[in-house]
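Here are some notes for a first look at this model. Please read them with the structure open.

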Amino acid sequence: MINVIQYLEKNPDLIAILKAQKASLIGISSVEQKAILDAFSSEIELKSEAWV
């Protein structure tokens, strides 16, 4: 799973596609996929709050 996270970090455009459910992560359960997307959402929110 770490490889998937690293790939998404290098290709952040894919996160929006995954959130729109126009793609899925093969080999990753729906629960794991939701956790990954939630983590990326939280990271973005934290970064924006820290710099406000």
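1. Lys-34 has a relative accessibility of 52%, so this residue counts as exposed, the cut-off for exposed being over 50%. The model is a predicted one.

2. Lys-34 is paired with Asp-38 in a salt bridge, and their closest N and O atoms are 2.7 Å apart. A search of the whole structure finds one salt bridge. Both Lys-34 and Asp-38 belong to helix H3, where four residues, about one turn of the helix, separate them. Asp-38 counts as partly exposed because its relative accessibility is 36%.

3. Helix H3 covers residues 30–50 and also contains Gln-33. Is Gln-33 buried or exposed? Its relative accessible area is 13%, so Gln-33 is buried; the limit for buried is under 20%.

4. Leaving aside residues up to four places away in sequence, Gln-33 touches Leu-18, Ala-23, Ser-24, Leu-25 and Ile-28. With the same exclusion of residues up to four places away, Leu-18 touches Gln-33 as well as Leu-8, Ala-23, Ser-24, Leu-25 and Leu-37.

5. The largest nonpolar core is made up of eight residues: Leu-8, Ile-15, Leu-18, Leu-25, Ile-28, Ile-36, Leu-37 and Phe-40. Helix H2 (13–19) and H3 are the elements that supply two or more residues to this core. The most comes from H3, with three residues.

Conventions
Residues are numbered from 1 along each chain as its sequence is written. This is a predicted model: local features need pLDDT of at least 70, side-chain atom pairs count only at pLDDT 80 or more; totals for chains, interfaces and linings use all residues. Side-chain values use heavy atoms; hydrogens and water are left out. Buried means under 20% relative accessible area, exposed over 50%, partly exposed in between (1.4 Å probe, protein chains only). Contact means heavy atoms within 4.5 Å. A nonpolar core is a set of buried Ala, Val, Leu, Ile, Met, Phe, Trp, Tyr and Cys residues joined through side-chain atoms within 4.5 Å. A salt bridge is a side-chain nitrogen of Lys or Arg within 4 Å of a carboxyl oxygen of Asp or Glu.
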